[in-house]
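Please read it alongside the sequence and coordinates.

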Amino acid sequence: MTESPDLLRLRVLLCFDPSSRSECTVTGIARTLGQEKYSISRILKYFSEKGIMDTSNSRHPVLTEKGEELLSYYSERVSTLVNHLLYEGVDIENARSDALSMALYNSDQSMAAIRATEETYRIKYEFRNRKRFSGSVLCRRLRDGTYRFPFVLYRESSENGDNISEDNREFSHPATLVVKDGTGHLELLSKRQKERQCCEIQYFDSGSFITAEKSAGIFTIPADVLQFVNLGAGTGEVLHGSVALRLCFNCGEDPLPDSSAIFTLLV
């Protein structure tokens with residue numbers, strides 16, 4: 001299958017990454033990529049026209065500031081994607097090849113999701129030997145960003161063999177964990193169902209229940225109240241972060257009884 005022009009341009013650009021150890025001349029790049037020299041010359045001319053490269057010294061072309069920014073952008077994408085594909089079981093050759101195409105065409109939103117997944121893999125590996133830790137410890141190790149994790153609201157005691165709370169359906173899944181400067185908070189979005197509308201959540205912290213902040217149906221809970229337990233090992237490792245909650249529905253003249261549940265985040 002013929003390689004697309006965009007893909008070949010990306011491969012040429014990546015040759016200018018110092019870590020590639022490529023000889024950044026027409027002959028050197030052609031030899032590294034297994035391409036004809038006229039094809040490489042044409043691409044370097046294209047880069048020059050786009051302000052990506054300075055070819056005033058034809059024997060030693062160099063990237064401009066714009067070119068360096070573009071190189072940094074795509075190098076990070078390729079590295080992230082290769083690591084992601086390797087973790088998912090793709091062999092190294094296919095991972096490198098597929099990562100180039102994905103780096104070119106993946107949207108910023110898709111890349112953000114993949115980076116968050118990669119960060120989750122990293123943090124699970126880092127915590128592989130820690131059986132218990134707090135949410136504050138987790139957030140101090142996570143990079144700034146927005147993460148989405150599945151969660152379950154469990155009953156405090158099982159009923160007829162079912163330990164999942166009915167209130168689990170009252171919220172949109174997954175939960176959002178926002179981390180900035182080593183501090184994090186959880187965001188839970190109420191579905192605002194007609195029959196039952198959650199108007200208050202209280203979370204347990206330091207011996208008492210504290211009312212969570214609420215705005216536009218989103219409840220905010222500080223991540224440091226979560227207590228994590230590390231279960232499983234390897235690819236089956238799951239970090240369970242839990243906190244006791246009280247939920248109040250239909251505040252007003254005819255409120256329903258408060259409900260209790262154990263919120264468990266699955267990382």
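Two strands are said to pair if DSSP finds at least two bridges between them, and strands (E, at least two residues) and helices (H or I, at least four) are DSSP runs numbered from the N terminus. This is a predicted model, in which local features need pLDDT of at least 70 and side-chain atom pairs count only at pLDDT 80 or more, while totals for chains, interfaces and linings use all residues. Residues are numbered from 1 along each chain as its sequence is written, and side-chain values use heavy atoms, with hydrogens and water left out.

**Overall form**

The protein chain contains seven helices and 15 strands. Its radius of gyration, taken over C-alpha atoms, is 25 Å, whereas a compact globule of 267 residues would have a value near 18 Å by the rule of 2.2 Å times the number of residues to the power 0.38. The C-alpha trace spans about 80 × 40 × 35 Å along its principal axes. Of the 267 residues, 39% count as buried, a term that stands for under 20% relative accessible area, with exposed meaning over 50% and partly exposed in between (1.4 Å probe, protein chains only).

**Strand pairings**

Strand β13 (residues 227–231) has a covered face, formed by Phe 228 and Asn 230, and an uncovered one with Gln 227, Val 229 and Leu 231. Strand β3 (residues 132–134) runs antiparallel to β13 and is joined to it by three bridges. β13 also pairs with β14 in the antiparallel sense, over five bridges, and β14 in turn pairs with strand β15 (residues 259–266) over eight bridges, again antiparallel. Some of the facing residues are listed here.

| Residue | Opposite residue |
|---|---|
| Phe 228 | Gly 241 in β14 |
| Gln 227 | Ser 242 in β14 |
| Arg 246 | Ser 260 in β15 |

**Nonpolar cores**

A nonpolar core is a set of buried Ala, Val, Leu, Ile, Met, Phe, Trp, Tyr and Cys residues joined through side-chain atoms within 4.5 Å. The largest one has 36 residues, of which Leu 177, Leu 188, Ile 201, Ile 221, Leu 245, Phe 263 and Leu 265 touch the most other members. Strand β14 (residues 238–249) gives the most to this core, with five residues. Apart from it lies another core, of 31 residues, including Leu 10, Leu 33, Ile 40 and Met 111.

**Two buried residues**

Leu 226 lies in the loop between β12 (218–222) and β13, and it counts as buried because its relative accessibility is 1%. Contact here means heavy atoms within 4.5 Å; not counting residues up to four places away in sequence, Leu 226 touches Ser 134, Gly 135, Leu 186, Gly 241, Ser 242, Val 243, Phe 263 and Leu 265. Leu 226 and Leu 265 are 39 residues apart in sequence, yet 8.5 Å apart in space, C-alpha to C-alpha.

Arg 77, in helix α4 (residues 65–87), likewise counts as buried, because its relative accessibility is 2%. Its side chain reaches the backbone oxygen of Ala 103 at 2.8 Å. Beyond its neighbours within four places in sequence, Arg 77 is in contact with Met 102, Ala 103, Asn 106, Ser 107, Asp 108, Met 111 and Arg 115.

Terms used
Polar contact = N/O pair within 3.5 Å; in protein donor to acceptor, adjacent residues only side chain to side chain.
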